[in-house]
Amino acid sequence: MYRWQLSLAGAVLTAVFLIVLFPPFQIALLAPVALTPLLYALAQEPDGKHRFLWGWLCGFLYWVIVCHWIRDVLAAYGGLTGPLSWLAVVLFAAAKGLHMGVFAWLAGFVLNRSWAIPAVAALWTGIERTHGTLGFAWLTLGNAGIEMAAPLRAAPVFGVYGLSFIFTLLATGLTMVALRRDRRQLAWLLPLVLLYVLPVAGPTKAPEAQAAAIQTNIGADVKWTVEEKDRVVKRLSLLTLQEALDVAKPKPSLVLWPEAPAPFYYYDDAAFREQVTGAARLAGAPLLFAGVAYTAQKEPLNSAILLGPEGQLLGRYDKVNLVPFGEYIPGGFGWIQKISSEAGNYAPGTGPKVFITEGHTLGAFICYESAFPSYIRDFAKSGAEVLINLTNDGYFGHGIARQQHLQLVRMRAVENQRWVLRPANDGITASIDPAGRIWDSLPEYKLTSGRLRFGWNRTKTLYTQYGDWFAWLCLAAGLAGVVYTQLPSYRPAE
């Protein structure tokens with residue numbers, strides 16, 4: 001087989017393996033071997049430019065398939081039709097593939113060393129950490145381990161990147177076997193037995209509280225008039241009271257409305273403010289909902305607003321990590337229409353905020369922010385006893401992005417050992433325990449309500465306290481290993 005054929009096969013096969021790790025396939029058992037085909041090919045490719053090309057191709061294929069739903073969203077809500085919607089996705093995947101290209105280029109320098117196994121794992125983990133910093137963050141390799149009990153023990157210590165490191169260690173070890181390298185190199189895998197020293201991730205006690213969750217099921221294409229808005233809010237208020245005051249159920253600790261594509265202007269709309277204040281007061285429980293606020297410069301803010309059981313305003317959190325094309329248009333993409341109906345780009349908030357109510361603390365983050373591990377842990381580090389992800393996945397339609405999004409937030413629960421409550425506009429509304437398991441959920445695509453059981457927890461994991469130190473250390477160590485391979489070696493004259 002020619003070298004280019006081997007490289008092409010390795011790039012394509014690894015892309016396929018990575019794709020099927022996640023919804024809708026979820027063949028997670030392939031996670032420890034997913035990178036092996038590419039690494040095997042890279043070990044036999046001396047040209048750095050070629051390694052970068054094959055790595056980029058692998059990354060491009062991965063992103064264009066896993067996130068193909070972006071095309072549907074842009075076609076339905078971004079004003080793009082036909083080839084233009086596909087062009088946007090191709091450009092997106094081409095940019096995201098650069099991360100994999102850089103990894104493949106750098107990995108080639110260390111694959112022929114006796115310490116290749118930890119070096120390659122460090123490079124992968126460190127470069128993976130840059131996705132959120134340098135652009136769009138979504139599924140990382142470690143997310144595939146959400147159902148794997150042993151690797152999941154690493155999440156409260158190292159975050160999702162600890163799982164990525166473990167899977168890459170194993171894939172590189174298999175590569176060394178396939179290359180018939182010295183078996184002593186596999187000793188780098190022995191520390192993995194220490195996983196069983198770490199505690200099993202999960203709740204220490206059964207959930208002692210309940211939240212009344214309202215699934216609003218509001219379509220993105222609703223034509224809003226004053227009458228329609230009043231009708232919707234009255235319907236939601238009535239559903240809230242029916243659920244919160246149900247004598248057959250315990251009194252809820254919280255009432256949750258999701259992020260929804262509706263003109264909920266608490267500060268500027270007196271009628272809406274009166275209705276939602278009345279709902280909180282009659283329910284007799286704190287009410288958390290998403291709405292639009294404005295900066296002093298009249299820029300819109302995507303906000304989570306908490307009212308107390310007397311209807312009083314307790315606080316507001318403004319979303320920091322905005323959705324590209326959904327809440328703002330990145331530079332150079334002015335030909336794409338912003339999905340949100342608000343005029344102008346949204347402004348980002350100033351940082352995480354913890355709400356205090358009824359003697360407890362909670363942290364509310366909005367939609368896509370669940371893709372940022374280091375940001376979500378800031379809520380728990382600041383004292384949040386429970387995490388709440390207000391989200392609107394209605395723009396995803398009935399596609400796989402809904403399950404992918406849920407998989408992200410499940411890992412955030414494990415990393416911080418917190419219950420996560422997830423009220424969603426049309427689903428998937430769910431409560432998630434500190435082991436990443438779904439306890440309660442509501443049926444999708446319908447207006448409904450129900451209870452989400454949860455618990456309060458103040459304990460802080462090592463990941464909560466110290467964040468992504470491990471991933472950044474991996475990046476530094478991996479790059480140092482590459483630099484070391486380029487240092488001139490001294491050979492005494494014979």
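The model is predicted: local features need pLDDT of at least 70, side-chain atom pairs count only at pLDDT 80 or more, and totals for chains, interfaces and linings use all residues. Residues are numbered from 1 along each chain as its sequence is written, and side-chain values use heavy atoms, with hydrogens and water left out. The structure holds 29 aromatic pairs. A search of the whole structure finds 20 salt bridges. Helices (H or I, at least four residues) and strands (E, at least two) are DSSP runs, numbered from the N terminus.

**Aromatic contacts**

- A pair of aromatic rings is described by the distance of the centres and the angle of the planes.
- Rings of Phe, Tyr and Trp (its six-membered ring) pair if their centres lie within 6.5 Å; planes under 30 degrees apart count as stacked, over 60 as edge-to-face and the rest as tilted.
- The structure has 29 such aromatic pairs. Trp-63 and Phe-92 form one that is edge-to-face, with 6.1 Å centre to centre and 90° between the planes.
- This pair links distant parts of the chain. Trp-63 belongs to helix H3 (residues 48-66) and Phe-92 to helix H5 (residues 83-110), 29 residues apart.
- Both Trp-63 and Phe-92 are buried. Buried means under 20% relative accessible area, exposed over 50%, and partly exposed in between (1.4 Å probe, protein chains only).
- Trp-63 and Phe-92 also belong to one aromatic cluster, with Tyr-62, Trp-69, Phe-136, Trp-138, Tyr-368, Phe-372 and Phe-396.

**Charges over rings**

- A charge sits over a ring if NZ of Lys or CZ of Arg is within 6 Å of the ring centre and within 35 degrees of the ring normal.
- Lys-96 places its charged end over the ring of Trp-63, 5.1 Å from the centre.
- Arg-51 lies over the face of Phe-109, at 4.9 Å from the ring centre.

**Cis peptide bonds**

- Pro-23 and Pro-24 are joined by a cis peptide bond, with omega about 10°. Pro-24 is in the loop between helix H1 (3-20) and helix H2 (36-42).
- From Gly-427 to Ile-428 the peptide bond is cis, and omega is near 10°. Ile-428 is in the loop between strand E9 (420-422) and strand E10 (430-432).

**Positive phi outside glycine**

- Glu-358 has a positive phi, near 55°, and is a residue other than glycine. Its place is the loop between strand E6 (354-357) and strand E7 (360-366). Glu-358 counts as exposed, at 53% relative accessibility.
- Cys-367 is not a glycine, yet its phi is positive at about 50°. Cys-367 is in the loop between E7 and helix H12 (373-381). Its relative accessible area is 9%, so Cys-367 is buried.

**Salt bridges**

- A salt bridge is a side-chain nitrogen of Lys or Arg within 4 Å of a carboxyl oxygen of Asp or Glu.
- Asp-440 forms a salt bridge with Arg-453, the closest N and O atoms being 2.9 Å apart. The two link distant parts of the chain: Asp-440 is in strand E11 (residues 438-441) and Arg-453 in strand E12 (residues 448-454), 13 residues apart.
- Asp-440 is buried at 14% relative accessible area, whereas Arg-453 is partly exposed at 32%.
- Asp-318 and Arg-316 form a salt bridge, with their closest N and O atoms 2.8 Å apart. Asp-318 counts as buried at 15% relative accessibility, while Arg-316 is partly exposed at 24%.
- Asp-378 and Arg-377 meet through their side chains in a salt bridge (3.2 Å, N to O). Here Asp-378 is partly exposed, with a relative accessible area of 23%, and Arg-377 is buried, at 9%.
- Lys-229, Asp-230 and Asp-269 are linked in a network of salt bridges.

**Second largest pocket**

- On a 1 Å grid over the protein atoms alone, a pocket is an open set of points where a 1.4 Å probe fits, with protein on both sides within 12 Å along at least five of seven lines; lining residues have an atom within 4 Å of a point.
- The second largest pocket has about 320 Å³ of space. Grid points are joined across faces, edges and corners, and the volume is the space filled by probe spheres set on the points.
- This pocket is lined by 15 residues, and the closest to its centre are Phe-158, Phe-165, Leu-169, Pro-191 and Leu-192.
- Helix H9 (residues 160-178) gives the most to the lining, with four residues.
- The lining has 14 nonpolar, one polar and no charged residues. Ala, Val, Leu, Ile, Met, Phe, Trp, Tyr, Cys and Pro count as nonpolar, Asp, Glu, Lys and Arg as charged, and the others, Gly among them, as polar.
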